[in-house]
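Open the model in your viewer and keep the sequence panel beside it. The stops below say what to select and what is there.

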Amino acid sequence: MHARPHSFVIVRWWFILNVYAISKAMSITPFDEIIEQNDQTAARREHLEKLRELVGNPYPNKFGRSALSGEEDTITRLLAHPPVAEINAEMHAILASLGEGERPPAEKKDALNERLKALGNVRIAGRMAVPPRVMGKAAFVHLSDGISRLQVYVRKQDAVAISNATGEAIDEEGKAWEVFGYLDHGDFIGVEGYLFITNTGELSVHVEKLQFLAKAMLPMPDKMHGIADPEIRQRQRYADLIASSLQIEHDGLTTREVFERRAKLISSIRHFLEDHGYIEVETPMLTPKATGAAAKPFVTHHNALDIDLYARIAPELYLKRLVVGGFEKVYELNRNFRNEGISYKHNPEFTMLEFYCAYMDVNGMMDFCEELLRQSVMKATGGLVIEYEGKTIDFSNFRRLSMADAVSEPGAVATGLSDSELLERFETDVEHTLIQPTFIIDFPKSISPLSKASPENPQIAERFELFINGMEVANGFSELNDPREQYDRFADQMQARERGDEEAMVLDEDYIRALSYGMPPAAGIGIGIDRLTMLLTNKHSIRDVILFPHMRPEKRSATEDTESTE
RNA sequence: GGUCCGAUAGCUCAGUCGGUAGAGCAAAUGGCUUUUAACCAUUGGGUCCCAGGUUCGAGUCCUGGUCGGAUCACCA
């Protein structure tokens with residue numbers, strides 16, 4: 001420390017003070033207030049400076065990983081590489097045959113180690129997933145690539161450090177060991193060495209070259225408990241994801257697995273639709289009219305045009321314009337925005353799949369929806385039966401039940417109910433009881449302004465909603481394509497609006513014009529992807545299946561009264 | 001918005017009847033050349049969410065507030 005020239009210290013202090021003054025003047029949060037300062041971060045900061053002295057730039061630009069598997073090896077890929085996987089499996093078979101605390105016989109281990117060494121050196125990189133276990137002149141640590149972890153073994157006399165200035169080995173006794181001493185749980189390092197199996201039977205890399213790659217300035221989440229505070233889990237999803245990869249034991253899916261499953265669901269939906277001739281499109285997110293659903297919109301303003309725009313509440317009317325234009329099978333899988341309450345099943349922006357198929361009616365759509373869900377659930381979870389909060393939900397059969405029958409099911413026959421009474425009885429008495437996948441059909445026409453009436457009963461809409469675990473997951477209907485009738489339905493909605501129903505649908509004149517060009521008979525559906533994901537991942541809250549759910553802005557002491565972020 | 005629950009060390013949590021602020025992990029220092037929730041020894045670390053009140057004395061009791069969670073009502 002005292003080796004540092006005085007002028008340097010002064011310049012450094014001047015710099016720190018100056019930066020602080022600048023951040024004050026601009027009313028931005030000073031760096032040191034963005035991350036909390038404590039003994040943990042102070043130690044890491046000291047380590048960072050030591051590493052800078054030892055290897056140069058502590059944030060180098062790259063590290064070339066090896067390619068045993070044919071492509072650049074992540075830890076996961078290296079472990080899956082056939083010779084490695086095979087030897088590892090043989091070791092595990094030996095371990096499985098041993099009693100508690102017993103070690104594998106040396107001859108067998110040595111034979112496997114011969115085969116591993118013949119594979120040559122490997123180069124892998126990752127985050128230090130545990131604090132290093134240092135034993136005098138040797139140490140073990142695990143590196144993680146976010147999915148898998150691999151142990152590395154650093155022995156003082158065997159390892160050399162790589163300089164980040166030259167990219168070459170630093171030819172100095174014990175340098176790598178010194179570097180290793182300043183590594184913290186969570187740092188990124190790259191190593192080169194040979195694979196071997198330890199006395200306890202764990203596949204490891206015997207390190208010959210060690211390169212420092214990036215510092216973690218903040219301490220890692222608790223290795224046993226992860227992050228307990230749900231707010232931090234959602235607000236700092238990055239930390240939650242780190243925690244889920246570091247945690248040794250956990251119940252259910254890790255956070256990463258939840259989002260991998262979500263991705264799998266979405267990709268299998270896309271494949272299914274594309275296999276059936278659907279084309280994916282993108283329609284406006286910023287729209288001059290918030291319509292196509294019953295909901296309150298977010299409003300924003302376009303300066304150049306000087307008009308208000310609305311974040312879309314549904315893509316429905318745009319997609320049907322495309323059916324008019326000749327896209328007979330069309331889908332969009334993207335966000336909708338609704339300026340309404342937040343709850344365990346509502347987020348202000350949510351992901352919706354909508355698709356339309358020409359010449360199909362509501363019954364065909366229910367059949368297709370069942371098939372789509374069965375295939376996607378199978379691909380995402382590996383089966384058709386899922387466990388959700390202690391309940392077993394079976395996707396192999398979907399019930400179909402009219403709303404009137406659903407309401408009268410418990411006993412009394414519901415006759416002479418008005419549309420709104422029927423709907424209310426359904427929502428309060430029946431909805432929460434629909435655990436197994438159930439299509440509720442025969443909706444009152446008056447609450448379905450975009451759907452066709454049933455040919456048998458003009459008061460009934462050819463519409464369904466799919467309920468699973470008491471939650472609405474999908475909504476579909478035979479699309480109304482008579483422009484005159486659609487106009488009259490909009491007119492009714494506009495009257496309801498004037499009576500104060502903020503969610504009544506807004507007339508879209510251009511949509512009426514589009515229908516006037518002629519739209520083939522068609523069926524359409526919207527499927528809530530977040531809610532479906534909740535079911536498939538056994539998550540109670542929509543916030544657990546959205547990477548960055550909407551949250552109140554975080555309060556920071558420095559900017560508290562000067563600025564409120566959005 | 002209503003109701004219920006919670007906030008204590010960097011993290012996860014104890015804290016009895018109102019009487020000196022605790023543990024494990026993490027950190028620092030030393031030891032240890034095949035460990036694995038490494039181990040052993042030592043050390044540091046607290047605005048007990050905020051404000052007020054009761055009391056000789058408040059982490060603990062009371063009132064108000066902030067933030068969060070669960071739940072109910074409206075929306076998918």
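At roughly what angle do the axes of helix 15 and helix 16 cross? Select residues 483-498 for helix 15 and residues 509-516 for helix 16: the axes cross at roughly 160° and come within 9 Å. Axes here are lines fitted to C-alpha atoms, for helices over the stretch in contact, and angles run from 0 to 180 degrees between N-to-C directions. Helices (H or I, at least four residues) and strands (E, at least two) are DSSP runs, numbered from the N terminus.

Before going on, note that this is a predicted model, in which local features need pLDDT of at least 70 and side-chain atom pairs count only at pLDDT 80 or more, while totals for chains, interfaces and linings use all residues. Residues are numbered from 1 along each chain as its sequence is written, chains are lettered from A and ligands numbered from 1 in the order in which they are written, and side-chain values use heavy atoms, with hydrogens and water left out.

**Helix 15 and helix 16**

Stay with this pair. Helix 15 and helix 16 are therefore roughly antiparallel to each other (angles under 35 degrees count as roughly parallel, over 145 as roughly antiparallel, 65 to 115 as roughly perpendicular and the rest as oblique). Show side chains for P483, Q486, Y487 and F490 in helix 15, which meet Y511, I512, L515 and S516 in helix 16; contact means heavy atoms within 4.5 Å. By class, this contact of helix 15 with helix 16 has 6 nonpolar, 2 polar and no charged residues. Ala, Val, Leu, Ile, Met, Phe, Trp, Tyr, Cys and Pro count as nonpolar, Asp, Glu, Lys and Arg as charged, and the others, Gly among them, as polar.

**Helix 10 and helix 12**

Next select residues 255-275 (helix 10) and 362-381 (helix 12), whose axes lie 8 Å apart at an angle of about 140°. That makes helix 10 oblique to helix 12. On helix 10, residues including R261, K264 and F272 make the contact, and on helix 12 those including F368, E371 and K379. The residues of the contact of helix 10 with helix 12 divide into 7 nonpolar, 4 polar and 4 charged.

An open sheet of 8 strands has the order 8-12-13-20-19-18-17-16, with mixed pairing; two strands pair if DSSP finds at least two bridges between them. Strand 8 (279-280) and strand 16 (399-402) are at the edges with a single partner strand each, so one side of each has no neighbour in the sheet.

Select strand 12, residues 329-337: strand 8 pairs with strand 12 in the parallel sense over 2 bridges. I279 stands opposite V330, and E280 opposite Y331. On to strand 13 (residues 349-358), which pairs with strand 12 in the antiparallel sense over 9 bridges. There the bridge partner of N336 is F350.

**Strand 1**

Is strand 1 largely enclosed or left open by the rest of the structure? Select residues 122-128: 6 of the 7 residues are buried, so strand 1 is largely enclosed. Buried means under 20% relative accessible area, exposed over 50%, partly exposed in between (1.4 Å probe, protein chains only). Strand 1 runs antiparallel to strand 6 (residues 188-197), joined by 6 bridges, with V191 as the bridge partner of I124. Strand 1 also runs antiparallel to strand 3 (residues 138-144), joined by 2 bridges; there S144 is the bridge partner of R127.

**The whole chain**

Finally, zoom out. Chain A has 17 helices and 20 strands, and buried residues make up 46% of its 566 residues.
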